[in-house]
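Good morning, and thank you for joining this meeting. I would like to take you through one structure, beginning with a pair of strands and ending with a single residue.

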Amino acid sequence: MEEVLSSSLYTQQVKKLYKVGELLGLDNETLETLSQPERIIQVKIQIRGSDGKLKTFMGWRSQHNSALGPYKGGVRYHPNVTQDEVEALSMIMTWKNSLLLLPYGGGKGGVRVDPKKLTREELEQLSRKYIQAIYKYLGSELDIPAPDVNTDSQTMAWFLDEYIKITGKVDFAVFTGKPVELGGIGVRLYSTGLGVATIAKEAANKFIGGVEEARVIIQGFGNVGYYAGKFLSEMGAKIVGVSDSKGGVINEKGIDVGKAIEIKEKTGSVINYPEGRKVTNEELLISDCDILIPAALENVINKFNAPKVKAKLIVEGANGPLTADADEIMRQRGIAVVPDILANAGGVVGSYVEWANNKMGEIISDEEAKKLIVDRMNNAFNTLYDYHQKKLEDHDLRTAAMALAVDRVVRAMKARGIL
Ligand code: NAD
C-alpha cells in the first residue's frame, strides 16, 4: 500500500506504459510522447453562491491522445480531484478506447469540488461555467465528455444546453450519457454492469469451466455492482456475497439481487439483507467464491490480502481495484485477473453507441444497442485471450491488454506521421 500511496496515479500509469513499451520494443521518443497528454486545460470556475458569496473551484480537461479519433472520457466532480489524477485517467481512457476498437482517443475532465456541499442551483451554475471555460476544445469530432463520479445525465443536459447556447451548434453528439429526451439511450444506465457480466461469463468459460452455478462475490453494490450481479444471475451464476460502504452479507445458498437492491434503497445498505451472515468488506474480499468482482474503489486488493483471496477468477468492475503487488501475487498464484480497461469498458461502448446513434439520426433500438455492446465486449475479450496465449503467456492479462492497446495507438501515430 505504501508504494501505491507514495507514487501518484499518473506515475503508476507511466511505469506501466514503460513496462509494456519494453515488451513491444518501443523507443524512448515514442514512450515520452505517449506519457504526456496532447493538451491539458486548467480553468478557474467562479459561481455566486446562494449565500451571495463568490465560490471558486479549479477544473481540468486532459486530452491525452487523439491518434485514433476524438478525445473521449468522463468528467468527475470530487473534492480530491487533481491535475495528476485527471491526466492519468485520460491516459487510461486512451488504452480502454483502443482496446475496444472504438474510434476515439482518450480524455478526462474533473472539477475539484464536493458536490454534496452545493445546492442544485449552484451545481447547475458550476456545470455551465465549466463548459463556458472549455467549450472551444469540445465537439462531437473533437472531444466528447460523459458522466463519471458524481456527475450524471442531468449534468450532461446542463453541459449540452450551455454548449448549444454559446456555439449555436445544435449537436447532441458532443456529450454522451444524456437523458433519453436529449438523445441518450436507455441501455447506457446499465451498460457497464452488462459489460462486466458479459466479460465474466467469457472469462469463466476459459478459466473456471463456465458461469452457470459459479459462486460470485461483488464488492460495491452501486451502478456497476448491482447490474453486473443482475445480469450474472440471469446467466445462471449464484451471487453469494454483496457489500457496500457499510459492510456486506454472505449467503452460500444465493442472494436475490432484486431483493438486495430493494433493501439497499429502503434501508440504505445491503447489510440489512435478512438471510445470511454479515461481514466486513475485508472479510468479503477473502471469502470463498469462484468469481470475485471488486466494483467499488481502487487499491482494495493489495499485498496484504491478495495471498488470502479464495476466488479462482477476478473481474475488475471498478477502476484500479488491484495494486501492482496484488497483480504479481495473483500471477504467481495462477488466478486470472481480467483488467479494468476491458472489464468495465461497457460504459464507454454504451457511450459510443449513443454518439453513433446521434450522428446517424436516432435509428438504433435499445435491443440493437444492447447487442452491439455485448458483441463488442465479447470480441475484445477473445482478441485479448488469443493474443495473451500466443504472444505474452508469461505475463498477466493486464499487461497483454495494455500491449494490444498501446500497439494500436502507436501504429495509428506512425501511419499519420506523428511518430
Ligand atoms: P456507485 O457510486 O454507483 O457505487 C459504488 C458502490 O460502492 C456503492 O454501493 C458504495 O456504497 C460502495 N462503496 C463505497 N465505498 C465502499 C467501501 N469502502 N467498501 C465497499 N463498498 C464501497 O459507483 P459506480 O458507478 O458503480 O462505480 C464503481 C466503480 O466502477 C468506480 O471505480 C468507477 O470508477 C468504476 N466505473 C464505473 C463506470 C460506470 O459507468 N458507472 C464505468 C467504468 C468504471
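Predicted model: local features only at pLDDT ≥ 70, side-chain atom pairs only at ≥ 80, totals over all residues.

**The sheet and the helix across it**

Strand E2 (residues 54–65) and strand E4 (residues 105–112) pair in the antiparallel sense over 6 bridges. Here two strands pair if DSSP finds at least two bridges between them, and the helices (H or I, at least four residues) and strands (E, at least two) are DSSP runs numbered from the N terminus. Within this pairing, Asn 65 stands opposite Gly 106 in E4.

Residues are numbered from 1 along each chain as its sequence is written, and side-chain values use heavy atoms, with hydrogens and water left out.

The two strands belong to an open sheet of 5 strands, in the order E1-E2-E4-E3-E5, with mixed pairing. Which strands stand at the edges? They are E1 (39–48) and E5 (143–147); each has a single partner strand, so one side of each is left without a neighbour in the sheet. From one strand to the next, the twist averages 20 degrees.

Helix H5 lies across E1, E2, strand E3 (71–78) and E4, and runs at about 140 degrees to E1. Contact means heavy atoms within 4.5 Å; axes are lines fitted to C-alpha atoms, for helices over the stretch in contact, and angles run from 0 to 180 degrees between N-to-C directions.

**Aromatic pairs**

How many aromatic pairs does a search of the whole structure find? The search finds 12. Rings of Phe, Tyr and Trp (its six-membered ring) pair if their centres lie within 6.5 Å; planes under 30 degrees apart count as stacked, over 60 as edge-to-face and the rest as tilted. One of these pairs is Tyr 130 with Phe 159, which is tilted, at 5.9 Å centre to centre and 40 degrees between the planes. This pair links distant parts of the chain, with Tyr 130 in helix H5 (residues 120–134) and Phe 159 in helix H6 (residues 153–167), 29 residues apart. Tyr 130 and Phe 159 are both buried, where buried means under 20% relative accessible area, exposed over 50% and partly exposed in between (1.4 Å probe, protein chains only).

Elsewhere, Tyr 190, Phe 221, Tyr 226, Tyr 227 and Phe 231 form one aromatic cluster. Both Tyr 190 and Tyr 227 are buried.

**Salt bridges**

A salt bridge is a side-chain nitrogen of Lys or Arg within 4 Å of a carboxyl oxygen of Asp or Glu. By this rule the count comes to 25. In one of them, Asp 288 meets Arg 215 at 3.2 Å, N to O. Asp 288 lies in the loop between helix H10 (281–285) and strand E10 (291–294), and Arg 215 in strand E6 (residues 215–219), so the pair ties together parts that are 73 residues apart in sequence.

Asp 340 and Arg 398 also meet in a salt bridge, at 3.5 Å, N to O. Are these two residues buried or exposed? Both Asp 340 and Arg 398 are buried.

**A single residue**

Asn 357 counts as buried because its relative accessibility is 3%. Leaving aside residues up to four places away in sequence, Asn 357 touches Ile 185, Glu 362, Ile 363 and Ile 364.
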